[in-house]
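Open the model in your viewer and keep the sequence panel beside it. This tour tells you what to select next and what is there.

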Amino acid sequence: MPQTQPLIRIRGLKKSFGDHAVLQGVDIDIDKGQSVVIIGQSGGGKSVLLKTILGLIEADAGSIEIEGQDIETMSQSQLASIRDHIGMLFQGGALFDSLPVWRNITFAITQGHLRDPAKMQKLASEYLARVGLDDRILNLRSGELSGGMQKRVAIARAIAAKPEILLFDEPTAGLDPIRSDVIDDLTLSLVRDNGMTAITITHDMASVCKIADKIAFLHEGRIIWTGNTQDLRTTDNPYVRQFFDRKAEGPLH
Ligand SMILES: Nc1ncnc2c1ncn2[C@@H]1O[C@H](COP(=O)(O)OP(=O)(O)OP(=O)(O)O)[C@@H](O)[C@H]1O
(Lines give C-alpha, C1' and ligand atoms only; values in the text may rest on other atoms or scores of the structure.)
Protein backbone atom coordinates (compact mmCIF):
# COMPACT_ATOMS: atom_id res chain seq x y z
CA MET A 1 0.00 0.00 0.00
CA PRO A 2 1.51 3.37 -0.97
CA GLN A 3 2.10 5.58 2.06
CA THR A 4 0.10 8.41 0.54
CA GLN A 5 -3.15 6.41 0.44
CA PRO A 6 -5.57 7.68 3.07
CA LEU A 7 -7.30 5.20 5.39
CA ILE A 8 -10.67 6.65 4.36
CA ARG A 9 -11.18 8.52 1.12
CA ILE A 10 -14.57 10.10 0.47
CA ARG A 11 -15.42 11.63 -2.88
CA GLY A 12 -18.57 13.36 -4.10
CA LEU A 13 -20.73 11.91 -1.33
CA LYS A 14 -24.38 12.88 -1.66
CA LYS A 15 -27.39 12.10 0.47
CA SER A 16 -30.89 13.57 0.35
CA PHE A 17 -33.93 12.84 2.46
CA GLY A 18 -36.89 13.57 0.18
CA ASP A 19 -36.15 16.97 -1.34
CA HIS A 20 -33.74 17.90 1.47
CA ALA A 21 -30.22 17.61 0.06
CA VAL A 22 -28.12 17.09 3.21
CA LEU A 23 -24.78 15.97 1.75
CA GLN A 24 -24.14 17.61 -1.61
CA GLY A 25 -20.73 16.31 -2.63
CA VAL A 26 -18.51 15.70 0.39
CA ASP A 27 -14.80 15.17 -0.33
CA ILE A 28 -12.43 14.33 2.50
CA ASP A 29 -9.36 12.19 3.18
CA ILE A 30 -8.68 10.71 6.60
CA ASP A 31 -5.20 9.38 7.23
CA LYS A 32 -4.45 6.43 9.47
CA GLY A 33 -3.59 7.52 13.00
CA GLN A 34 -5.08 10.97 12.50
CA SER A 35 -7.57 12.77 14.74
CA VAL A 36 -9.99 14.52 12.41
CA VAL A 37 -12.69 16.81 13.75
CA ILE A 38 -15.76 17.77 11.75
CA ILE A 39 -17.41 21.04 12.64
CA GLY A 40 -20.32 22.92 11.14
CA GLN A 41 -23.75 24.29 11.87
CA SER A 42 -26.45 22.30 13.65
CA GLY A 43 -28.46 20.22 11.24
CA GLY A 44 -25.72 20.50 8.60
CA GLY A 45 -25.29 16.76 8.07
CA LYS A 46 -22.33 15.85 10.28
CA SER A 47 -24.07 12.87 11.91
CA VAL A 48 -25.42 11.76 8.54
CA LEU A 49 -21.83 11.76 7.25
CA LEU A 50 -20.62 9.54 10.13
CA LYS A 51 -23.56 7.17 9.74
CA THR A 52 -22.84 6.93 6.02
CA ILE A 53 -19.22 5.98 6.75
CA LEU A 54 -20.48 3.30 9.15
CA GLY A 55 -22.93 2.05 6.51
CA LEU A 56 -26.04 2.81 8.57
CA ILE A 57 -27.17 5.26 5.90
CA GLU A 58 -26.78 4.51 2.20
CA ALA A 59 -25.42 7.37 0.08
CA ASP A 60 -27.20 8.43 -3.12
CA ALA A 61 -23.95 9.11 -4.97
CA GLY A 62 -20.22 9.30 -4.48
CA SER A 63 -17.73 6.89 -3.01
CA ILE A 64 -16.25 5.84 0.33
CA GLU A 65 -12.98 3.94 0.06
CA ILE A 66 -11.42 2.25 3.05
CA GLU A 67 -7.77 1.33 2.49
CA GLY A 68 -8.30 1.81 -1.22
CA GLN A 69 -11.39 -0.36 -1.57
CA ASP A 70 -14.77 1.14 -2.38
CA ILE A 71 -17.27 -0.10 0.21
CA GLU A 72 -19.83 -0.53 -2.59
CA THR A 73 -17.72 -3.31 -4.05
CA MET A 74 -17.31 -5.13 -0.71
CA SER A 75 -19.11 -8.33 0.15
CA GLN A 76 -21.40 -8.45 3.19
CA SER A 77 -18.71 -10.28 5.16
CA GLN A 78 -16.05 -7.72 4.21
CA LEU A 79 -18.40 -4.94 5.27
CA ALA A 80 -19.14 -6.70 8.55
CA SER A 81 -15.44 -7.09 9.21
CA ILE A 82 -14.84 -3.38 8.50
CA ARG A 83 -17.65 -2.50 10.93
CA ASP A 84 -16.05 -4.73 13.56
CA HIS A 85 -13.06 -2.40 13.38
CA ILE A 86 -15.13 0.74 13.89
CA GLY A 87 -16.26 1.99 17.30
CA MET A 88 -19.15 4.43 17.16
CA LEU A 89 -20.41 6.75 19.84
CA PHE A 90 -23.91 7.84 18.87
CA GLN A 91 -25.12 11.29 19.80
CA GLY A 92 -27.62 10.01 22.34
CA GLY A 93 -25.32 7.31 23.73
CA ALA A 94 -27.73 4.51 22.74
CA LEU A 95 -27.13 2.26 25.77
CA PHE A 96 -29.25 -0.79 26.41
CA ASP A 97 -31.42 0.25 29.35
CA SER A 98 -32.26 -3.33 30.32
CA LEU A 99 -28.59 -4.23 30.85
CA PRO A 100 -26.30 -3.14 33.69
CA VAL A 101 -23.37 -0.85 32.92
CA TRP A 102 -20.82 -3.68 32.83
CA ARG A 103 -22.85 -5.65 30.27
CA ASN A 104 -23.27 -2.55 28.13
CA ILE A 105 -19.52 -1.98 28.08
CA THR A 106 -18.60 -5.57 27.30
CA PHE A 107 -21.52 -6.20 24.95
CA ALA A 108 -19.51 -6.16 21.71
CA ILE A 109 -16.83 -8.49 23.03
CA THR A 110 -19.01 -11.11 24.71
CA GLN A 111 -19.60 -12.86 21.41
CA GLY A 112 -15.90 -13.74 21.40
CA HIS A 113 -13.64 -15.35 23.93
CA LEU A 114 -14.73 -13.50 27.04
CA ARG A 115 -17.70 -15.05 28.83
CA ASP A 116 -16.76 -15.16 32.51
CA PRO A 117 -18.86 -12.44 34.27
CA ALA A 118 -16.14 -11.72 36.87
CA LYS A 119 -13.57 -11.12 34.13
CA MET A 120 -16.05 -9.06 32.13
CA GLN A 121 -16.77 -6.88 35.16
CA LYS A 122 -13.05 -6.39 35.78
CA LEU A 123 -12.58 -5.35 32.17
CA ALA A 124 -15.59 -3.03 32.37
CA SER A 125 -14.10 -1.35 35.48
CA GLU A 126 -10.85 -0.72 33.58
CA TYR A 127 -12.78 1.02 30.80
CA LEU A 128 -14.85 2.97 33.34
CA ALA A 129 -11.59 4.25 34.84
CA ARG A 130 -10.43 5.38 31.39
CA VAL A 131 -13.52 7.59 31.05
CA GLY A 132 -13.15 8.85 34.64
CA LEU A 133 -15.98 6.79 36.20
CA ASP A 134 -16.03 4.79 39.40
CA ASP A 135 -16.72 1.06 39.30
CA ARG A 136 -19.49 1.52 41.88
CA ILE A 137 -21.80 2.10 38.90
CA LEU A 138 -21.03 -1.30 37.33
CA ASN A 139 -24.41 -2.78 38.26
CA LEU A 140 -26.60 0.26 37.61
CA ARG A 141 -28.97 0.52 34.63
CA SER A 142 -28.56 3.49 32.27
CA GLY A 143 -31.77 5.10 33.60
CA GLU A 144 -30.07 5.37 36.98
CA LEU A 145 -27.14 7.38 35.57
CA SER A 146 -26.87 11.09 34.84
CA GLY A 147 -26.77 12.14 31.18
CA GLY A 148 -23.03 12.82 31.40
CA MET A 149 -22.39 9.41 32.99
CA GLN A 150 -24.42 7.69 30.26
CA LYS A 151 -22.31 9.46 27.66
CA ARG A 152 -19.08 8.26 29.28
CA VAL A 153 -20.36 4.68 29.60
CA ALA A 154 -21.20 4.83 25.89
CA ILE A 155 -17.63 6.01 25.16
CA ALA A 156 -16.28 3.14 27.29
CA ARG A 157 -18.41 0.74 25.24
CA ALA A 158 -17.20 2.24 21.95
CA ILE A 159 -13.53 1.73 22.86
CA ALA A 160 -13.83 -1.61 24.69
CA ALA A 161 -13.75 -3.65 21.50
CA LYS A 162 -10.43 -1.96 20.61
CA PRO A 163 -11.58 -0.60 17.26
CA GLU A 164 -9.11 0.81 14.74
CA ILE A 165 -11.43 3.64 13.77
CA LEU A 166 -13.42 5.71 16.27
CA LEU A 167 -16.46 7.68 15.16
CA PHE A 168 -17.40 10.02 18.02
CA ASP A 169 -20.58 12.07 17.68
CA GLU A 170 -20.34 14.90 20.22
CA PRO A 171 -18.40 13.01 22.91
CA THR A 172 -18.19 15.99 25.27
CA ALA A 173 -21.70 17.41 24.81
CA GLY A 174 -23.37 17.67 28.22
CA LEU A 175 -20.14 17.13 30.16
CA ASP A 176 -18.59 19.70 32.47
CA PRO A 177 -15.23 21.20 31.33
CA ILE A 178 -13.17 18.88 33.54
CA ARG A 179 -14.90 15.70 32.38
CA SER A 180 -14.70 16.99 28.80
CA ASP A 181 -10.95 17.28 29.22
CA VAL A 182 -10.77 13.68 30.49
CA ILE A 183 -12.51 12.57 27.29
CA ASP A 184 -10.24 14.74 25.14
CA ASP A 185 -7.19 13.20 26.83
CA LEU A 186 -8.65 9.75 26.22
CA THR A 187 -9.20 10.48 22.52
CA LEU A 188 -5.66 11.79 22.20
CA SER A 189 -4.23 8.78 23.98
CA LEU A 190 -6.20 6.36 21.78
CA VAL A 191 -4.82 8.10 18.70
CA ARG A 192 -1.25 8.83 19.85
CA ASP A 193 -0.56 5.72 21.98
CA ASN A 194 -2.84 3.09 20.46
CA GLY A 195 -2.61 4.20 16.81
CA MET A 196 -6.36 4.55 16.38
CA THR A 197 -7.91 6.88 13.83
CA ALA A 198 -10.57 9.18 15.26
CA ILE A 199 -13.28 11.17 13.52
CA THR A 200 -15.02 13.40 16.03
CA ILE A 201 -18.00 15.69 15.60
CA THR A 202 -18.10 18.45 18.15
CA HIS A 203 -19.33 21.97 18.82
CA ASP A 204 -16.84 22.27 21.68
CA MET A 205 -14.11 24.57 20.34
CA ALA A 206 -11.79 23.91 23.32
CA SER A 207 -12.00 20.25 22.43
CA VAL A 208 -11.33 20.95 18.74
CA CYS A 209 -8.19 22.90 19.62
CA LYS A 210 -6.97 20.14 21.91
CA ILE A 211 -7.57 16.99 19.86
CA ALA A 212 -7.60 17.88 16.16
CA ASP A 213 -4.79 17.08 13.75
CA LYS A 214 -7.15 18.16 11.00
CA ILE A 215 -10.40 20.11 11.11
CA ALA A 216 -13.02 19.94 8.36
CA PHE A 217 -15.81 22.50 8.12
CA LEU A 218 -19.05 21.15 6.66
CA HIS A 219 -21.24 23.80 5.12
CA GLU A 220 -24.23 23.42 2.81
CA GLY A 221 -23.45 19.76 2.28
CA ARG A 222 -19.76 20.14 1.39
CA ILE A 223 -16.45 20.34 3.20
CA ILE A 224 -15.59 23.94 2.36
CA TRP A 225 -12.46 24.29 4.53
CA THR A 226 -9.83 22.08 6.12
CA GLY A 227 -6.87 23.01 8.27
CA ASN A 228 -5.09 22.40 11.54
CA THR A 229 -5.73 24.18 14.84
CA GLN A 230 -3.29 26.98 14.01
CA ASP A 231 -5.08 27.50 10.67
CA LEU A 232 -8.39 27.58 12.55
CA ARG A 233 -7.20 30.35 14.84
CA THR A 234 -5.87 32.47 11.99
CA THR A 235 -8.12 31.71 9.01
CA ASP A 236 -9.82 34.55 7.20
CA ASN A 237 -12.48 32.25 5.76
CA PRO A 238 -15.58 34.23 6.80
CA TYR A 239 -17.70 31.15 7.59
CA VAL A 240 -15.07 29.42 9.70
CA ARG A 241 -14.11 32.73 11.35
CA GLN A 242 -17.70 33.47 12.38
CA PHE A 243 -18.19 29.92 13.63
CA PHE A 244 -14.96 29.79 15.63
CA ASP A 245 -15.46 33.31 17.04
CA ARG A 246 -19.05 32.40 18.01
CA LYS A 247 -20.61 35.48 16.43
CA ALA A 248 -24.25 35.89 15.47
CA GLU A 249 -23.25 38.42 12.78
CA GLY A 250 -21.77 37.08 9.56
CA PRO A 251 -22.56 34.97 6.53
CA LEU A 252 -23.88 32.05 8.62
CA HIS A 253 -27.36 32.26 10.10
N1 LIG B 1 -33.01 9.25 8.76
C2 LIG B 1 -33.33 10.50 8.43
N3 LIG B 1 -34.46 10.78 7.76
C4 LIG B 1 -34.76 12.05 7.39
N5 LIG B 1 -33.99 13.12 7.67
C6 LIG B 1 -32.86 12.90 8.33
C7 LIG B 1 -32.46 11.59 8.75
N8 LIG B 1 -31.28 11.68 9.39
C9 LIG B 1 -30.95 12.99 9.38
N10 LIG B 1 -31.89 13.71 8.75
C11 LIG B 1 -31.86 15.17 8.53
O12 LIG B 1 -30.59 15.50 8.00
C13 LIG B 1 -30.20 16.78 8.48
C14 LIG B 1 -28.81 16.70 9.05
O15 LIG B 1 -28.88 15.99 10.28
P16 LIG B 1 -27.57 15.64 11.14
O17 LIG B 1 -28.05 14.95 12.35
O18 LIG B 1 -26.58 14.97 10.30
O19 LIG B 1 -27.05 17.11 11.50
P20 LIG B 1 -25.78 17.50 12.38
O21 LIG B 1 -24.90 18.36 11.53
O22 LIG B 1 -25.18 16.30 12.99
O23 LIG B 1 -26.51 18.42 13.46
P24 LIG B 1 -26.24 18.69 15.03
O25 LIG B 1 -24.97 19.50 15.11
O26 LIG B 1 -27.44 19.49 15.42
O27 LIG B 1 -26.16 17.37 15.72
C28 LIG B 1 -31.28 17.22 9.47
O29 LIG B 1 -32.15 18.13 8.81
C30 LIG B 1 -31.99 15.95 9.81
O31 LIG B 1 -33.34 16.18 10.12
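Domain bounds here come from an automatic or database domain assignment. This is a predicted model, in which local features need pLDDT of at least 70, side-chain atom pairs count only at pLDDT 80 or more, and totals for chains, interfaces and linings use all residues. Residues are numbered from 1 along each chain as its sequence is written.

**Stop 1: the two domains**

Colour domain 1, residues 1-85 + 163-253, and domain 2, residues 96-161. Their centres, taken over C-alpha atoms, are separated by 26 Å. Now show the contacts between them. Two residues are in contact if their C-beta atoms, placed from the backbone, lie within 7 Å. Ten residues of domain 1 touch ten residues of domain 2. Which helix gives the largest share of the domain 1 side? Helix α6 (residues 177-192) does, with five residues. Helices (H or I, at least four residues) and strands (E, at least two) are DSSP runs, numbered from the N terminus. By class, this side of domain 1 has eight nonpolar, one polar and one charged residues. Ala, Val, Leu, Ile, Met, Phe, Trp, Tyr, Cys and Pro count as nonpolar, Asp, Glu, Lys and Arg as charged, and the others, Gly among them, as polar.

**Stop 2: the ligand**

Select the ligand and its shell. A residue is near a molecule or strand if its C-beta atom, placed from the backbone, lies within 6 Å of it. The residues around the ligand are Phe 17, Val 22, Gly 40, Ser 42, Gly 43, Gly 44, Gly 45, Lys 46, Ser 47 and Val 48. Helix α1 (residues 46-54) supplies the largest share of this shell, three residues. Sorted by class, the shell has six polar, three nonpolar and one charged residues.

**Stop 3: the six-stranded sheet**

Switch to cartoon view. Six strands make an open sheet in the order β6-β7-β8-β3-β9-β10, and the pairing is mixed. Two strands pair if DSSP finds at least two bridges between them. The edge strands, β6 and β10 (222-227), each pair on one side only. From one strand to the next, the twist averages 15°.

Begin at β6 (residues 86-89). Are its residues buried or exposed? Ile 86 and Met 88 on one side, and Gly 87 and Leu 89 on the other, are all buried, so both faces are covered. A residue is buried if 20 or more other C-beta atoms lie within 10 Å of its own, exposed if 12 or fewer, and partly exposed in between; C-beta atoms are placed from the backbone. Strand β6 runs parallel to β7 (residues 165-169), joined by four bridges. Find Ile 86 and look across to Ile 165 in β7.

Strand β9 (residues 214-219) runs antiparallel to β10, with five bridges between them. Phe 217 stands opposite Trp 225 in β10. Helix α6 packs on the sheet, touching β3 (35-40), β7 and β8 (197-201), and its direction makes about 150° with that of β8. Axes are lines fitted to C-alpha atoms, for helices over the stretch in contact, and angles run from 0 to 180 degrees between N-to-C directions.

**Stop 4: past the end of β10**

Select Asn 228, in the loop between β10 and α8 (229-234). Why does Asn 228 count as exposed? Because Asn 228 has 11 C-beta neighbours inside 10 Å. Not counting residues up to four places away in sequence, Asn 228 touches Asp 213, Lys 214 and Ile 215. Asn 228 and Ala 216 are twelve residues apart along the chain, and 8.9 Å separate their C-alpha atoms.

**Stop 5: the four-stranded sheet**

Four strands form an open, antiparallel sheet in the order β2-β1-β4-β5. Strands β2 and β5 (69-70) are at the edges with a single partner strand each, so one side of each has no neighbour in the sheet.

Strands β1 and β2 (residues 20-30) share eight bridges and are antiparallel. Arg 9 stands opposite Asp 29 in β2. Two residues lie between the strands of this hairpin, where Gly 18 takes a positive phi near 60°.

End at Lys 14, in strand β1 (residues 8-17). Lys 14 is partly exposed, because 17 other C-beta atoms lie within 10 Å. Five bridges join β1 to the antiparallel strand β4 (residues 61-66), and Lys 14 stands opposite Ala 61 there. Beyond four places in sequence, the contacts of Lys 14 include Leu 23, Gln 24, Gly 25 and Ala 59.
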